[in-house]
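Let's take a friendly walk through this model together. Keep the structure open beside the text as you read.

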Amino acid sequence: MADLAMMLLKDGYDAIPRLRQRTGTTRDDAFTCRVLGRRAVVVRGRDAVRLFYDEDVVQREGAVPPPLAALLFGRGAVHGTDGDQHRIRKAMFLGLLTSERVDDLAATIGRDLARRVEGWPGREVSVFDELVEVYGAAVQAWAGIDQAPADVHRTSRRLATVVDGFGGAGTAYARAWAARLQLDRWARDLVGRARRDPGSVRDDTVLADIARGPGSGLDPHLAGVELLNVLRPTVAVAWPGTFLARDLAGLADHSTLGDEARRSLGHEVRRTAPFVPALAGLVRRDTSFDGVALAPGDLLVLDVPGTNAHPDLWNEPERFAPGRFVGHEPDPFGYVPQGGGYPATGHRCPGEPLTVRILQQTADVLAGVPYHVVGSSDHDRRRIPTLPRHGLRVRVG
Ligand code: HEM
């Protein structure tokens, strides 16, 4: 039987659709395969999301293969916890990401990006590199981390390098591990210093909260891991941010989009741009889904892109429709680019409101810049994660 882990390495985002096709009709919402030898059931759609987020049926601990979980999230991270441990740790993240802080960081990113694009005329730039720099510097300062500009720059690149390697692509995987080890050490030292010398870190910052507030009970390594779980995914918004820049350039009337249209555009970019290929949980008890039996120890794999483009949930799912979300918010169980359900009661991403705001600020700034794409903006669907070619080269004027 085909092994999904191997196929993800070879076929990237096409692995799950290909396997589905091979195993039955393209309308099946569940099919079985293997993941590193373990029986796995791949599911998609609204009911699948409900099942995946039912804690009685699915646990997270041990679900993501350890090398991948340790690389992307860090050892012991919230992502792989269950029950009370998860609830307590998740409350910390939701407490860190208050709406005031989200507003503050998004506004800073908007201002910094506006300043940055003033330097674009007359040269070719990579949108991805620019966004990594701007988001990375802003999130570090906002989190209470004070470093020399060269170190800020290096940290932003390292955070992006970890994300770039999570799909296991050859040298990117090795580079990601090197960056992970350096970042773990760096973050642990930051927490250690904030604890030893409280005056070294501003109160009311994410670093202060993790070091000596709600995170004070975490050992320094784990506290550092969770600090990185705020910094790294904020830099990761550069992936959908780059797709947004590409999609925006393709819209004839992009400079005239209003607030609501830009919010909708961000949602549609997250729906359609390939990023998270799947989520994984371990089945705890016997049940079934869409006629397929699930047994304890099976891996339950939620097909994220397959849910975001499910034929029963979306009108013309394959079409990029920037106005699709005008006037309404997406369904929490049918739209899952950052997980499904609710952040307070399950594993759904606590950084989604921040992501939405960052993309909105990015669209606001870029909509006012007369850039055009240089060369091809295609992306390689076989590579996880993927980007428009060369990080989207653009030129103004
Ligand atoms: C969880 C995606 C941005 C922090 C997740 C999950 C996904 C996701 C798919 C897993 C949901 C699950 O396991 O059910 C993304 C994407 C982002 C993004 C695509 C933007 C490109 C952020 C940001 C932050 C963040 C900006 C914080 C500032 C977290 C944390 C978790 C998480 C801490 C673990 C939650 C838990 O296990 O309960 N994210 N995220 N993410 N995300 Fe994000």
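## Strand 2 and its neighbours

Valine 41 faces leucine 300, which sits in strand 8. The two strands involved, strand 2 and strand 8, run parallel and are joined by 4 bridges. Strands here are DSSP runs of E with at least two residues, helices are DSSP runs of H or I with at least four, and both are numbered from the N terminus. Two strands pair if DSSP finds at least two bridges between them. This is a predicted model, in which local features need pLDDT of at least 70 and side-chain atom pairs count only at pLDDT 80 or more, while totals for chains, interfaces and linings use all residues. Residues are numbered from 1 along each chain as its sequence is written, and side-chain values use heavy atoms, with hydrogens and water left out.

Strand 2 (residues 38-43) also pairs with strand 1, this time antiparallel and through 6 bridges. Phenylalanine 31 is opposite valine 42 of strand 2, and arginine 34 has arginine 39 as its bridge partner. Strands 1 and 2 make a hairpin with 2 residues between them, and leucine 36 in the turn has a positive phi of about 50°.

Contact here means heavy atoms within 4.5 Å; axes are lines fitted to C-alpha atoms, for helices over the stretch in contact, and angles run from 0 to 180 degrees between N-to-C directions.

## Around the ligand

Which residues are closest to the ligand? They are Tyr53, Arg60, His86, His347 and Cys349, within a shell of 28 residues; a residue is near a molecule if one of its heavy atoms lies within 4 Å of it. The shell divides into 16 nonpolar, 10 polar and 2 charged residues. In this grouping Ala, Val, Leu, Ile, Met, Phe, Trp, Tyr, Cys and Pro count as nonpolar, Asp, Glu, Lys and Arg as charged, and the others, Gly among them, as polar. Helix 5 (83-96), helix 11 (220-236) and helix 15 (352-367) each supply at least two shell residues, and helix 11 gives the largest share, 5 residues.

A polar side-chain atom of tyrosine 53 is 2.5 Å from a ligand oxygen. For arginine 60, the distance from a side-chain N or O atom to a ligand oxygen is 2.7 Å, and for lysine 90 it is 2.8 Å. The iron atom of the ligand has Cys349 (SG) as its only protein donor, at 2.3 Å. Donors are N, O and S atoms within 2.8 Å of the metal (3.2 Å for Na, K and Ca), and water is not among the atoms, so sites may look incomplete. Cysteine 349 itself is in the loop between helix 14 (304-308) and helix 15.

Another open sheet has 3 strands in the order 4-10-9, with antiparallel pairing. Strand 4 (124-126) and strand 9 (371-373) are its edges, each pairing on one side only. Neighbouring strands of this sheet are turned by 35° against each other on average, direction ignored.

Strand 4 pairs with strand 10 (residues 393-396) over 3 antiparallel bridges, and glutamate 124 has arginine 395 as its bridge partner. Helix 7 (residues 127-143) lies across both strand 4 and strand 10, at about 60° to strand 4.

## Two backbone details

Isoleucine 384 and proline 385 are joined by a cis peptide bond, with omega about -10°. Proline 385 belongs to the loop between strand 9 and strand 10.

Aspartate 204, a residue other than glycine, has a positive phi near 55°. Aspartate 204 is in the loop between helix 9 (170-196) and helix 10 (206-212).

Terms used. A polar contact is a pair of N or O atoms within 3.5 Å; within protein, one must be able to donate a hydrogen and the other to accept it, and residues adjacent in sequence count only if both atoms are side-chain atoms.
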